[in-house]
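Here are my notes for a first look at this model.

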Amino acid sequence: AQEDEEIYDKLACWCETNDKEKTKAIADAEAKIEELTTKIEELTALSARLNTEIKNLESEVAKNQEALDQATAIREKQLAEFNAEEKDLLES
């Protein structure tokens, strides 16, 4: 009976200690899950915002490239006209 009581006491102590540790571990894990879920939501919103910004900037870059191409074409035409005019003036 004494031996059974000692085993019972040890088992009760182990259960109590283990229960406290596991309860704390579960609470810590649940808090971490909540923290990570919030972080995921924040980063998802940030990702959506950045994707929108990227699309807008790509559109802006395309418009700027088109304007640059037009300006380059105009300058090349002006240069050709200038060179032709200069050549005519030098020949006369």
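1. A salt bridge here is a side-chain nitrogen of Lys or Arg within 4 Å of a carboxyl oxygen of Asp or Glu. The side chains of R49 and E53 meet in one, at 2.5 Å from N to O. The two residues are separated by about one helical turn, because they are four residues apart in helix 1. Helices are DSSP runs (H or I, at least four residues), numbered from the N terminus.

2. On the basis of the work: this is a predicted model, in which local features need pLDDT of at least 70, side-chain atom pairs count only at pLDDT 80 or more, and totals for chains, interfaces and linings use all residues. Residues are numbered from 1 along each chain as its sequence is written, and side-chain values use heavy atoms, with hydrogens and water left out.

3. How many salt bridges does a search of the whole structure find? The search finds three. Another of them joins K24 to D28, with the closest N and O atoms 2.8 Å apart. Both residues lie in helix 1, four residues apart, which is about one turn of the helix. K24 counts as exposed at 52% relative accessibility, whereas D28 is partly exposed, with a relative accessible area of 41%.

4. K32 forms a salt bridge with E35, and their closest N and O atoms are 3.7 Å apart. This pair also lies in helix 1, three residues apart, about one turn of the helix. K32 is partly exposed, at 42% relative accessibility.

5. Patches are made of residues with over 30% relative accessible area and no salt bridge; like charges are joined within 9 Å, and nonpolar side chains (Val, Leu, Ile, Met, Phe, Trp, Tyr) within 5 Å. L43, L46 and L50 form a nonpolar patch on the surface, with about 230 Å² of accessible area together. Accessible areas come from the Shrake-Rupley method with a 1.4 Å probe. L50 lies in helix 1, which covers residues 2–91, and is partly exposed at 36%.

6. A patch of negative charge on the surface gathers E3, D4, E5, E6 and D9. Asp and Glu count as negative, and the place of each charge is taken as CG of Asp or CD of Glu. D9 is in helix 1 and counts as partly exposed, at 44% relative accessibility.

Conventions. Buried < 20%, exposed > 50% of the residue type's maximum accessible area, 1.4 Å probe, protein only.
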